[in-house]
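Here is a short report on one structure. Keep the sequence and the 3D view at hand while reading.

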Amino acid sequence: MGRQVLLIEDEPNIIEAIRFILSRDGWDVKTHSNGVDAVDAVRARMPDVIILDVMLPGKSGFDILTEIRGDAALAQMPVLMLTARGQTKDREMAERAGASHYMTKPFSNAEILETVRQLVVT
Amino acid sequence: MPTLNMLVLVCLLYVVLLFLVAFAADRAALRGRGKWLRSPIVYTLSLSIYCTAWTFYGAVGFAARSGLEFVTIYLGPTLVMIGWWWVLRKMVRVGQAQRITSIADLISSRYGKSNTLAVFVTLLAVVGTTPYIALQLQSVTLSFAAFAETGPDTAQAMSRQATAFWLALGLALFTILFGTRNLDANERHHGVVMAIALEAVVKLFALLAVGVFVVWGLAGGVSETLARIDASEIAEWNVSGSRWIGLTALSAAAFLCLPRMFQVMVVENENEDHLRTAAWAFPAYLMLMSLFVVPIAAVGLDLLPKSTNPDLFVLSLPLAEGREGLAILSFLGGFSSATSMVIVAAIALSTMVSNHIVMPIWLNMTGGNAVISGDVRQVALLARRLSIAGIVFLGYLYFQISGGGTALAKIGLVSFAGVAQFLPAMIGGLFWRGATRTGALAGLLIGSVVWLYSLFLPSFGASMVLSEDIMQNGLLGLSWLRPQALFGAEGMDPLVHAVMWSMLLNTSGFILFSLLSFPKPIERLQGAQFVNVYDHSPTTGGWTGGLAQTEDLLIMAQRIMGGSQAQSFFARAAERQGIGGYLPEPSPDFLQALERELSGSVGGAAAHAMVGQIVGGASVSVEDLMAVADETAQIMEYSNRLEAKSTELTRTARQLREANEKLTQLSRQKDAFLSQVSHELRTPMTSIRAFSEILRDSDALKPAESSKYASVIHDEAIRLTRLLDDLLDLSVLESGQVSLNVQTGTLGDLLDRAAASAAGGSGDLEIRRKRGDEDIVLSTDLDRLAQVFINLIANARKYCDANKPSLTISTRVAGDTLLVDFIDNGTGIPTDKQGVIFEKFSRIGDTKAGGAGLGLAICREIMARLGGQVTYLPGQGGAAFRVILPLQERLAAQ
């Protein structure tokens with residue numbers, strides 16, 4: 001059983017792409033495509049790493065991250081944030097909310113793979 | 001020999017001439033003609049009322065008795081005109097800015113519009129001026145007498161009393177006629193000023209004529225005249241230095257403070273620049289006036305019998321030589337000097353008496369209601385006329401009582417010393433912010449008491465008022481209180497002594513009490529207005545509006561200023577405020593302007609009180625108090641000066657702020673839009689990049705996978721293209737640069753086209769229409785309208801969440817408007833979202849069905865361009881959109 005990654009993202013094509021990339025590397029990829037109960041999904045799955053989109057239906061990625069960091073059980077969980085709004089303001093918000101890493105779409109496959117690996121090692 | 005009858009006739013003719021001149025000048029001024037009326041020369045000549053009969057006749061007598069001492073009387077004003085030009089300029093500026101009506105008004109306005117001060121100054125001015133008027137009456141009667149003595153028929157001679165009486169009566173009449181035609185003292189008395197200017201020319205000409213006659217006719221040339229002067233005692237320098245300085249300073253002070261001088265110099269001043277001309281022209285006039293004084297005196301002493309009154313040399317020399325014409329001219333010169341002084345002094349004093357004594361008492365007696373119901377204008381005019389008559393009568397009375405003795409001759413300087421008491425309060429008020437009402441009152445009180453005790457009362461002669469005992473041993477036997485040796489200052493000239501002590505104590509009292517007392521807010525404000533008159537826009541701290549009844553103010557102003565004048569003033573004010581009609585808002589600005597306008601008629605203190613009675617409440621606003629509390633004078637002055645500017649700037653700043661807010665909002669919208677665009681572009685690009693890398697890097701892909709991933713890339717590329725198309729479309733529509741391609745077609749055909757375009761893709765959508773209703777000919781941009789329909793149908797296809805989705809399209813014509821409703825059978829759009837669905841990038845729900853959220857925004861823009869609109873129709877079961885299009889387009893096209 002490989003390490004588990006939880007992908008919280010609402011765009012089906014991107015979900016498919018990331019799932020393909022990470023599964024081939026031996027990851028167990030779980031997905032969740034709704035912002036509202038994303039934190040519940042995290043608690044249920046307790047993944048090794050989370051990939052979190054910013055623009056989610058129901059609740060913003062920043063809010064979800066803040067909630068994760070506020071929960072003692074989840075606080076240390078590595079979170080990779082993805083955003084399609086490539087503005088520095090968003091990067092700052094992500095860092096303030098406590099993102100472990102931040103990545104702007106579109107990303108290269110190798111890059112996301114490398115990042116996820118590193119997040120789990122550290 | 002000229003008979004007295006002839007003299008009387010000449011006098012009458014001269015007076016008639018003056019009447020005509022005054023009348024003509026008034027008429028010319030009324031018609032707005034006569035620029036020459038306002039020339040600096042007329043102004044300068046009017047200043048010559050300084051040279052009264054006392055100087056006309058008396059200077060020669062003065063010279064005959066005490067040599068060159070008479071020069072001091074001319075030296076003082078000359079020094080003031082040349083050296084203190086800036087003081088005069090400030091007085092004139094303040095006088096115009098504050099609409100000052102008299103010296104009492106100036107002092108009272110400066111010290112917080114205090115009526116106590118005004119009353120005090122007025123009383124002192126009356127006390128100081130009455131003997132002076134008597135002096136004029138005396139000089140004219142004496143000159144009559146001089147003729148009578150030489151006349152063949154002494155029985156014809158009128159008694160002096162009768163002469164004085166008729167003269168006083170005539171002068172009072174003239175003054176009333178021309179001095180009170182306008183109630184507003186600030187409106188110049190053109191007629192009077194013109195008559196005075198004429199009299200100035202006459203007296204100068206007369207004196208010069210006599211002088212020329214004496215030098216070349218009697219003495220036989222310049223050198224002979226000089227020889228005679230050398231031979232006479234005039235040449236001896238028999239004047240003490242202190243008396244010289246004292247007299248020069250005194251006449252300088254009097255020149256500034258005499259009510260009649262203030263009247264012509266400040267109140268009647270048309271233009272500040274006239275002072276420039278007067279600064280050299282008036283000293284030149286004085287020099288000409290004094291040019292022949294010494295020769296006339298020397299020759300008179302030489303030729304005339306010792307018994308002749310030297311005061312009348314100017315007259316008796318030509319008479320003795322049998323030059324009747326010249327004598328009459330000389331008489332007219334003296335007559336001019338006397339009458340002009342009396343007229344102006346009466347006008348000046350009557351203004352003060354009526355404004356500061358009669359009106360306040362009347363207002364007080366009748367209470368606040370009278371301001372509105374009583375006829376203030378008539379009362380004020382009557383008060384002023386009675387005051388004129390009263391003042392001239394007082395002068396006559398004084399002349400009668402004093403018996404016209406030699407004591408009267410000295411009264412000129414005594415009178416000067418009296419009015420000079422105003423100087424510290426006036427100059428201090430103009431230049432020292434720290435001067436207070438208490439200080440001014442104290443200085444005036446001390447100065448005038450010292451003056452009364454040490455100069456005025458003793459001037460009636462020994463044991464007339466003050467007993468010999470007091471004169472010798474002092475009041476209550478205290479030797480340091482001897483009237484002419486106060487505090488042990490013995491051996492001084494009585495006049496210099498009195499001037500020194502009164503001015504010294506006056507000034508010290510003024511400064512001391514000013515420093516010790518704390519000024520009231522209104523005094524501080526007025527002080528700043530006066531001291532910094534050049535910096536200030538002419539506003540005074542004043543009323544807070546709001547409580548004032550503008551209508552009551554108008555009624556009051558009509559009573560004082562006259563109906564049409566008041567109405568036009570109010571109408572102008574209303575217009576300035578951007579309101580029509582006659583009733584402006586009682587803003588502080590307006591109330592101040594009104595008060596200033598009224599103060600021109602009734603004086604500052606009375607105007608303040610009248611406006612106060614109607615406006616009620618505090619006369620000093622909270623802002624004023626705040627400004628006063630701020631002790632740093634600079635800040636206050638600065639803020640006052642910039643007040644007008646700052647309101648303007650505030651307005652501009654507010655506009656800028658609004659513009660800035662709008663821009664900021666636009667900028668925020670733009671940021672949000674760019675962010676959205678970025679998101680919408682990056683999302684498909686992410687898929688495209690990821691899958692293309694997968695295709696590139698992964699060798700062992702199943703054919704099905706490769707094909708699936710390739711089609712994802714394909715779909716996302718199309719989505720990108722569509723997004724860009726939509727964005728461009730929207731930007732063109734929003735910028736208004738879209739050109740409409742108007743075509744004609746039926747609604748039914750258009751809906752067919754739209755339904756066909758929107759067909760295909762996922763899901764089956766049943767479209768229900770009533771084709772019978774759709775046979776409506778449209779003339780509009782059909783392609784654009786079709787775009788809207790396609791969008792609405794496609795949305796229903798994409799988002800309708802019913803099991804068997806269907807869309808009902810119903811058409812209705814309401815008046816000139818076409819209504820097309822698109823209603824599906826899904827769950828519709830939640831109420832809280834209905835407001836935002838037409839915004840860019842707004843998407844409802846989780847569906848990512850390819851749209852970027854621009855469709856409805858584009859629809860909205862298109863409908864706006866077509867002159868209609870698209871709205872969400874709530875309460876229809878499913879999602880319902882209504883397209884509204886005006887049919888005028890259609891009609892117009894047909």
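## Confidence in chain A

This is a predicted model. Chain A has an average pLDDT of 87. In that chain, 98% of the residues score at least 70.

## Where chain A meets chain B

Chain A puts 19 residues into the contact, and chain B puts in 17 residues. On the side of chain A that touches chain B, helix α1 (residues 12-24) of chain A gives the most, with five residues. By class, this side of chain A has nine nonpolar, six polar and four charged residues.

## A helix pair in chain B

Helix α31 (residues 643-697) and helix α32 (residues 703-735) both belong to chain B. Their axes come within 9 Å and cross at roughly 160°. An angle over 145 degrees counts as roughly antiparallel, so α31(B) is roughly antiparallel to α32(B). The crossing of α31(B) and α32(B) is left-handed.

Which residues make the contact? From α31(B), they include B:V677, B:L681, B:P684, B:I688, B:F691 and B:L695. From α32(B), they include B:Y709, B:V712, B:I713, B:L720, B:L723 and B:L727. B:E680 of α31(B) also takes part, as do B:E716 and B:R719 of α32(B). By class, the contact of α31(B) with α32(B) has 15 nonpolar, three polar and three charged residues.

Definitions and conventions: Residues are numbered from 1 along each chain as its sequence is written. Chains are lettered from A and ligands numbered from 1 in the order in which they are written. This is a predicted model: local features need pLDDT of at least 70, side-chain atom pairs count only at pLDDT 80 or more; totals for chains, interfaces and linings use all residues. Two residues are in contact if their C-beta atoms, placed from the backbone, lie within 7 Å. Helices (H or I, at least four residues) and strands (E, at least two) are DSSP runs, numbered from the N terminus. Ala, Val, Leu, Ile, Met, Phe, Trp, Tyr, Cys and Pro count as nonpolar, Asp, Glu, Lys and Arg as charged, and the others, Gly among them, as polar. pLDDT is the predictor's confidence in each residue, from 0 to 100. Axes are lines fitted to C-alpha atoms, for helices over the stretch in contact, and angles run from 0 to 180 degrees between N-to-C directions. Angles under 35 degrees count as roughly parallel, over 145 as roughly antiparallel, 65 to 115 as roughly perpendicular and the rest as oblique. A crossing is left-handed if the near helix is turned anticlockwise from the far one by less than a right angle, and right-handed if clockwise.
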